[in-house]
Structures are given as structure tokens and as C-alpha cells.
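Please read the following walk through one protein model alongside its sequence and coordinates.

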Amino acid sequence: MWEIYDNLIEPIPDDVKIEDYFAGIQWTSVTAGGCTGAAATNPLQTIPRTEKNILDMSWKEAAGLIKSWNFTEASIGAAAVNAFYNQPDRISRLERKGAIRQLSKEDAFMAHREDMKGKKVATIGHFRFAGKYLKEAKSCVILERNPMNGDYPDSACEYILSDRDFVFITGFTLVNKTLPRLLELSRNAKVILVGPSVALAPGLFDFGVWELAGTLITEKKLTEEFVKKGEHKAVIRSGLPVRLSQK
């Protein structure tokens with residue numbers, strides 16, 4: 001079950017130190033090697049955090065915290081992972097090598113609105129404006145850990161995802177460790193990882209992901225500033241939306 005995490009962590013340098021980090025209420029940011037990454041903060045801390053100072057860690061060591069069962073600590077790990085992958089220069093290099101293809105920068109739900117007509121769709125998590133583009137889908141199921149009226153509890157994934165045509169999954173699932181199982185259950189669907197917390201890592205395509213819809217960090221200092229201020233749309237306001245697929 002850790003393969004997807006080890007795949008993300010392996011390329012990250014172990015000879016570069018963490019320069020700065022901040023675990024806020026809304027977002028967590030990590031800066032290393034002149035790059036900044038961010039991920040939504042998960043507040044669950046039932047398991048003690050490591051006693052080691054984050055600033056004494058290498059970039060790879062901090063990224064490894066994404067495997068922690070203290071989810072606030074895992075958010076630091078996710079931000080460190082994103083600091084490595086979610087950089088414009090890196091994505092440009094990968095595209096030139098033919099490893100990935102950049103798609104339109106429009107919202108993922110908008111981009112697939114025609115494809116989803118008459119199809120069975122599921123979303124893991126709530127996505128703003130998604131319903132606007134799903135009106136002609138045959139059915140749409142929302143699975144949530146904290147369900148609202150009309151949602152299915154997340155445990156319903158074991159019964160629902162196997163016959164879906166499209167499954168949109170929040171990047172938050174990497175932190176809470178549900179992504180590997182969700183990908184197994186969604187193997188018959190086109191799976192799209194969506195949101196500013198998504199790692200734009202081509203290796204994710206090897207685990208059944210069809211498309212990555214995340215955010216490139218284009219304003220490093222602004223990202224750090226917004227995260228520390230608790231800005232709700234910190235990454236969206238300081239980054240650039242991008243959608244990636246395999247070449």
C-alpha cells in the first residue's frame with residue numbers, strides 16, 4: 001500500500017535541507033531548494049508527531065512525513081512533496097521529454113462536461129461548481145468523510161466506485177492514506193485527481209490516475225505569505241492551474 005508514496009518520495013533530494021515551513025489552519029507550506037510547495041492542512045493529530053525539528057530534516061526526509069499517521073505532520077510531508085513536483089520549470093522539462101502532456105487550463109469538471117453526458121460519475125469530496133457541469137451525467141454520487149444532506153459516507157466507496165465511468169478525487173486523500181484503496185476500487189473508471197493539494201507527479205499515472213488537475217506554484221513568496229495569513233485560497237491565488245495527462 002505504500003508503493004504510491006515511495007514512488008513520490010524517491011526522486012526528492014536527500015542532500016538539500018528544509019529552508020522554512022509553516023503548518024497553518026488552512027494550508028501548510030514547505031520551502032526547500034528554492035522551491036515552495038503547499039497542501040491543505042489536516043488537523044487530525046491523535047498520533048504524536050516526530051520529535052525531530054523539521055528544519056533539521058532533508059527535503060526527502062520531510063517529504064517522507066506524508067506517510068505519518070499524524071495527519072498534520074503528513075500535511076507537512078505533502079507540502080514538501082509538492083515543493084518538488086509543482087514547479088513550472090519541472091513541468092516544462094517533463095513535457096519537453098515527452099513524459100507528460102499539458103491540457104487546457106480550464107476547470108477539470110468544465111473540461112469534461114461533454115464527456116460526462118450520460119455517464120456515471122463519483123466525486124470523493126465536495127468540489128465547488130462541480131454540479132454545474134454534471135447536470136447531464138446519468139448519475140453523480142458524492143462521497144464524504146463528513147457527509148452533508150444527499151452525500152454518501154466515504155465507506156460507501158467499497159460498493160459504489162467499481163461501476164463509475166468517471167471518479168474525481170481530492171488530493172487530500174494522499175494525506176489521509178485513502179488514495180491507494182480508492183484507486184483500486186476505481187480501476188474501471190477514468191480517475192482525475194483534483195485540487196491545489198494534488199502532487200503533479202507523472203509517477204501517479206502508473207497507479208491508475210488518468211489525469212492530474214492541480215496548481216503550479218508561480219509566486220513562491222506570495223504562497224508563503226498567504227499560507228501564514230490563513231488565506232482560504234492561498235495556493236489558487238498564488239499559483240497557476242494546470243491539467244496533465246500522459247503523453
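A pocket, as the word is used here, is an open set of points on a 1 Å grid over the protein atoms alone, with protein on both sides within 12 Å along at least five of seven lines; its lining residues have an atom within 4 Å of a point. The model to which this is applied is predicted. Its largest pocket is lined by 49 residues, and H126, F127, T170, G195 and P196 are the ones that lie nearest the centre. Two or more lining residues come from each of α5 (108-111), β6 (139-144), α7, β10 and β11. The space in this pocket amounts to about 1600 Å³.

Several of these elements belong to an open sheet of eight strands, whose order is β4-β11-β10-β9-β8-β5-β6-β7 and whose pairing is mixed. Its edges are formed by β4 (100-102) and β7 (152-153), each of which pairs on one side only. Within the sheet, β8 (residues 166-170) and β9 are parallel and are paired over five bridges. Towards the β4 end of the strand order, helix α4 (residues 88-96) lies across β4, β10 (211-217) and β11 (239-246), and its direction makes an angle of about 115 degrees with β4.

The loop between α7 (179-185) and β9 (190-194) contains S186. Is S186 buried or exposed? Its relative accessible area is 1%, and the cut-off for a buried residue is under 20%, so S186 counts as buried. A polar atom of its side chain lies 2.8 Å from the backbone oxygen of L182. Beyond its neighbours within four places in sequence, S186 is in contact with L161, V167 and V191.

A further open sheet has three strands in the order β1-β2-β3, paired antiparallel. At its edges stand β1 (18-23) and β3 (35-40); each has a single partner strand, so one side of each is left without a neighbour in the sheet. From one strand to the next the twist averages 10 degrees. In general, strands of a sheet pair through backbone hydrogen bonds, in either a parallel or an antiparallel sense.

The hairpin of β2 and β3 has two residues between the strands, and G33 in the turn has a positive phi of about 55 degrees. Strand β2 (residues 27-32) is paired with β3 over six bridges, again antiparallel. T28 has A39 in β3 as its bridge partner, while S29 stands opposite A38.

How many residues of β2 are buried? The count is six of the six, so β2 is largely enclosed by the rest of the structure. Both of its faces are covered: W27, S29 and T31 are buried on one side, and T28, V30 and A32 on the other. Helix α3 (residues 71-85) lies across β1, β2 and β3 and runs at about 140 degrees to β3. Helix α8 (residues 220-229) also lies across β1, β2 and β3, running at about 35 degrees to β3.

Definitions and conventions:
Residues are numbered from 1 along each chain as its sequence is written. This is a predicted model: local features need pLDDT of at least 70, side-chain atom pairs count only at pLDDT 80 or more; totals for chains, interfaces and linings use all residues. Side-chain values use heavy atoms; hydrogens and water are left out. Helices (H or I, at least four residues) and strands (E, at least two) are DSSP runs, numbered from the N terminus. Buried means under 20% relative accessible area, exposed over 50%, partly exposed in between (1.4 Å probe, protein chains only). A polar contact is a pair of N or O atoms within 3.5 Å; within protein, one must be able to donate a hydrogen and the other to accept it, and residues adjacent in sequence count only if both atoms are side-chain atoms. Contact means heavy atoms within 4.5 Å. Two strands pair if DSSP finds at least two bridges between them. Axes are lines fitted to C-alpha atoms, for helices over the stretch in contact, and angles run from 0 to 180 degrees between N-to-C directions. On a 1 Å grid over the protein atoms alone, a cavity is a set of points where a 1.4 Å probe fits but cannot get out, and a pocket is an open set with protein on both sides within 12 Å along at least five of seven lines; lining residues have an atom within 4 Å of a point. Grid points are joined across faces, edges and corners, and a volume is the space filled by probe spheres set on the points.
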